[in-house]
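Hello,

I am handing over the structure we spoke about. Please open it alongside this message. My notes follow below.

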Amino acid sequence: MNPTDAIATLAALAQAHRLAAFRRLVQAGPDGLTVGALRDGLDLPAATLSAHLNTLRRAGLVTDTREGRAIRVRADFARMNALLAYLTEN
């Protein structure tokens, strides 16, 4: 990871609701959560969560897949690990 990517990734996490959403997805593991389950767990309006997820997507921290009418969101563990490795190298 280069400094520009690290800054963008950290900036995406530098907001309380986005950090909470990402942490929930990390706790959910590789199966992730549906957007509805994530929204219920965070008690956020749908539009607000959507905006936060878009920021996390642009930073490469989450991915999503459509499952019928639902969208499943997953933490990108490789990106998270790359950020941690960058922060702790040396």
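Start at Arg72: its side chain reaches the backbone oxygen of Asp31 at 3.2 Å. A polar atom of that Arg72 side chain also lies 3.4 Å from the backbone oxygen of Gly32. Bear in mind that this is a predicted model.

Arg72 sits in strand S3. Its bridge partner is Thr65. Leaving aside neighbours within four places in sequence, Arg72 is in contact with Asp31, Gly32, Leu33, Thr34, Thr63, Asp64, Thr65 and Glu67.

S2 pairs with strand S3 (residues 70–75) in the antiparallel sense, over six bridges. As a reminder, strands of a sheet pair through backbone hydrogen bonds, either parallel or antiparallel.

Leu19 belongs to helix H2, which covers residues 16–28. Is Leu19 buried or exposed, or something in between? Its relative accessibility is 36%, so Leu19 counts as partly exposed. Buried would need a value under 20%, and exposed one over 50%. Leu19 and Leu56 are 37 residues apart along the chain. Their C-alpha atoms are separated by 9.3 Å.

Over to you.

Best wishes

Conventions:
Residues are numbered from 1 along each chain as its sequence is written. This is a predicted model: local features need pLDDT of at least 70, side-chain atom pairs count only at pLDDT 80 or more; totals for chains, interfaces and linings use all residues. Side-chain values use heavy atoms; hydrogens and water are left out. Helices (H or I, at least four residues) and strands (E, at least two) are DSSP runs, numbered from the N terminus. Buried means under 20% relative accessible area, exposed over 50%, partly exposed in between (1.4 Å probe, protein chains only). Two strands pair if DSSP finds at least two bridges between them. A polar contact is a pair of N or O atoms within 3.5 Å; within protein, one must be able to donate a hydrogen and the other to accept it, and residues adjacent in sequence count only if both atoms are side-chain atoms. Contact means heavy atoms within 4.5 Å.
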